[in-house]
Amino acid sequence: MTDSSNSNSSSNASIRAEDTYMGGLYQRFPVTVERGQGADVWDTDGRQYIDCMAGYGVALLGHRNRRVTDAIAEQAGKIITVHSSLYNPTREKFLEKITGLAPEGLKQVHLNNSGAEAVEAAIKFAKKYTGRKKMIAMKGSYHGKSLGALSITFGPKYRRPFEPLIEGAEFTPFGDADALRQAVDDDTAFVIMEPIQGESGIHVAPPGFLQEARSICDERGALLVFDEIQAGLGRTGKLWACQHWGVAPDILCLAKGIAGGVPMGATLARPEIIGAMSKGEHSSTFGGNPLSCAAGIATLDALTQDGLVENSAAVGKVFADGLLNLKERHPRMIRDVRGRGLMIGVELKFEVRRILERLMNRGILMLYSGRNILRILPPLVISEDQAAKVLDGLDAVLAEEQRDRA
Ligand SMILES: *Cc1c(COP(=O)(O)O)cnc(C)c1O
C-alpha cells in the first residue's frame, strides 16, 4: 500500500468498519473501490486501476456496461420479482437465448443465484436421473463451498473441518484418463470437472482428456458435468470452454458473469435429466427473478453482438505473447504461463502477495490462484492498450522484486 492511500482517513475508516462487521473470512487488500467503467475502477481517493480481478470474473462485460445498466433500469421500472410458480416474459426470453447458445443438447435450465447453487442442482439432478451414488471430481477442483459443492471441491483445508460431507465423492488426477476409467463404475452418478481449473492455478485440460471423459461416461452410463462457472461465457476466447475440445457435457454449470454482475446461477441439462425430477424436489425463491434475467439477456447480447468473445481471444493473445516474453526476461521469477483467452495464470517461483500489492500501487488489480500463481481475469472489454500497460506494470514490479531480493 502506498503512503498516500494509507493516509486517507475515509478509505481507512471504511476498511476498519468492514473488517469489524464482516470478520476475517476473506483474504483482503486495502483498496476501497467506489466506481468502475469498462476495465477500469476507481477507489475513494480517485485513484484509477486496471481491473484484472473483475470480481473473480463476475465483471465479464466490464463495469457499468450500458446494455446491462439499461436493462436493469428498464426491468426495475416494470417488476423486479416474479416467483417461478408464475410466468414472466423476461425470464422466457432469457431461457430462450441461453438454451439457443448452449452446447448441443442442453435445452433445459434451472435458474438459481450462485455458482455453488448451480453445482448443488447438478448434483441432485445427476443423482436422481441415474439413481446412483458415486461422484467423481478432479484433484485441484473447485466447485463452491456450500456443503454439497464442497463435497466435490478438492482442497482438503476447505473440506476437513466440515466432514462428514456427502458420501461417495472420489478425486482423480485432472488429465489422467486411465485413473478416471478405473474410478468410474456402474454406481457412478456423474463425473464433474472444470475444463480449465480456475482456483487451483489455471490448469488447462490436456489434449484428448475431455473426449476420453466423455466416452468413459457414455460407456458406464454416468453423466458428464462441466463447471464453466469461471471459464464459460467467452472468458477463454470461445463462448464455452468445452468448445476448445469439441465435447459437450450432459449438465453445464454457469454463474459469475452470466448476468453482468447481478447474482445468477444456471444449471443447464438435457431435458430428460431435469425431467427425472419430481415437482418441488428442487427450487429456488430468487432463481429466475426478472431483474437477473434482464441483466442476463443483456449479457448474452453483449457477448454475441459486441465482439467480446473475439476480443477475449485477441487480447488474450497479447497477454500470452507478452507474458512469454516476460518469462524470458525474468527466468528467475516466472516458472510458467498458462491459460486460454482472458483466463491466465502466471506461476512464480515464490509467494505472490507482495507482487499483488506492488501491482496495486501501480494501479493494477490482479488475483492470486494458489500461493505462487498470479491470475489475470479481466473484463472481456479490456483493450490491447490496457493489456500492454498491465504487462509493463508486471515487468516493472518483477524487476523491483528482483532488486529487493538480490
Ligand atoms: C466461483 C466458482 C464456483 C462457486 O461460485 P460461487 O458463486 O462463489 O458459489 C464454482 N465453480 C467454479 C469453477 C468457480 O470458479
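What percentage of the 406 residues in the chain is buried? In this predicted model, buried residues account for 53% of the 406 residues. The accessible surface of the chain amounts to about 17,600 Å², and carbon and sulfur atoms contribute 51% of that area.

The C-alpha trace extends over about 60 × 55 × 40 Å along the principal axes of the chain. Contacts between residues at least 6 apart in sequence were also examined by separation: 72% of them join residues at least 24 apart.

The domain assignment divides the chain into two parts. Domain 1 is made up of two segments, 4-64 and 307-405, whereas domain 2 covers residues 66-305. The centres of domain 1 and domain 2, taken over C-alpha atoms, are separated by 27 Å. At the boundary between them, 26 residues of domain 1 are in contact with 31 residues of domain 2.

Charged side chains were considered for the chain as a whole. There are 48 positive and 49 negative side chains, and a distance of 2 Å lies between the centres of the two sets.

Definitions and conventions. Residues numbered from 1 in each chain as written. Predicted model: local features only at pLDDT ≥ 70, side-chain atom pairs only at ≥ 80, totals over all residues. Heavy atoms only, no water. Buried < 20%, exposed > 50% of the residue type's maximum accessible area, 1.4 Å probe, protein only. Contact = heavy atoms within 4.5 Å. Areas by Shrake-Rupley, 256 points an atom, 1.4 Å probe, with all protein chains shown as cover. Lys, Arg positive; Asp, Glu negative; His and termini not counted. Charge placed at Lys NZ, Arg CZ, Asp CG, Glu CD. Domains from an automatic or database assignment.
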